[in-house]
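Me: I'm just starting out with protein structures. Could you take a close look at one part of this one with me and talk me through it in plain words?

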Amino acid sequence: MARFMMIVKASEESEAGVMPAKEEIAEMGRFNERMAAAGAMLAGEGLRESAAGARVTFSGGRPVVTEGPFAGARQLIAGYWVIRAADLDEALEWARQVPFKEGEIEVRQIFETSDFPDDVLPPEEAAREEALREELRKRAGG
């Protein structure tokens, strides 16, 4: 099983800090429960508007912090799910079931350590990475 990130694109409303309606929250909760019961959902959260955040960009190895808000709501992220699916088709099937009336979800596969050749990620580094991921899963309770 592969992991995929379903990225919820921001909107003018989410960037303005407009909260979803009570009914939308309840419908999203039911959707999340279905994904969790199916063993597909690994994580998922909504994000505050970009005005409450910042970006760190690097040039010449130096970090530069720029505080939000940021322009171009459709280029920003309002939330995400990390899911487990057999392939992109199955991940897209979950994305099609998201109870949105309007919006956009981008679906991207997450790299696994096994995706990297040994000359890029040597076996001992891959083992350390996997041990770290396992420790993080334990801390998260899953």
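Predicted model: local features only at pLDDT ≥ 70, side-chain atom pairs only at ≥ 80, totals over all residues.

Reply: Happy to! A polar atom of the Asp87 side chain lies 2.9 Å from the backbone nitrogen of Glu90. Where does Asp87 sit? You will find Asp87 in the loop between S5 and H3. The relative accessible area of Asp87 is 37%, so this residue counts as partly exposed. Now look for Phe4: Asp87 and Phe4 are 83 residues apart along the chain, yet their C-alpha atoms are separated by 8.7 Å.

Strand S5 covers residues 77-85 and holds Trp81, while helix H3 covers residues 88-96 and holds Trp94. Both tryptophans lead us to the aromatic rings. A search of the whole structure finds three aromatic pairs. Let's go through two of these pairs, starting with Phe31 and Trp81. Their ring centres are 5.7 Å apart and their planes meet at 80°; an angle over 60 degrees counts as edge-to-face, so that is the name for this pair. Phe31 belongs to helix H2 (residues 22-37) and Trp81 to strand S5, so to speak two distant parts of the chain, 50 residues apart, that the pair links.

Are these two residues buried or exposed? Buried means under 20% relative accessible area, and Phe31 has 0%, so Phe31 is buried. Trp81 has 5%, so Trp81 is buried too.

The second pair is Phe31 with Trp94. Here the ring centres are 6.3 Å apart and the planes are at 65°, which means that this pair is also edge-to-face. The pair again links distant parts of the chain, with Phe31 in helix H2 and Trp94 in helix H3, 63 residues apart. Trp94 has a relative accessibility of 13%, so Trp94 counts as buried.

As a picture to keep, Phe31 from helix H2 is paired with Trp81 from strand S5 and with Trp94 from helix H3, and Asp87 is in the loop between S5 and H3.

One more ring is worth a glance while you have the structure open. Arg55 lies over the face of Phe70, at 4.0 Å from the ring centre.

Methods
Residues numbered from 1 in each chain as written. Heavy atoms only, no water. Phe/Tyr/Trp six-rings, centres within 6.5 Å; stacked < 30°, edge-to-face > 60°. Helix = DSSP H or I, 4+ residues; strand = E, 2+ residues; numbered from the N terminus. Buried < 20%, exposed > 50% of the residue type's maximum accessible area, 1.4 Å probe, protein only. Lys NZ or Arg CZ within 6 Å of the ring centre and 35° of its normal. Polar contact = N/O pair within 3.5 Å; in protein donor to acceptor, adjacent residues only side chain to side chain.
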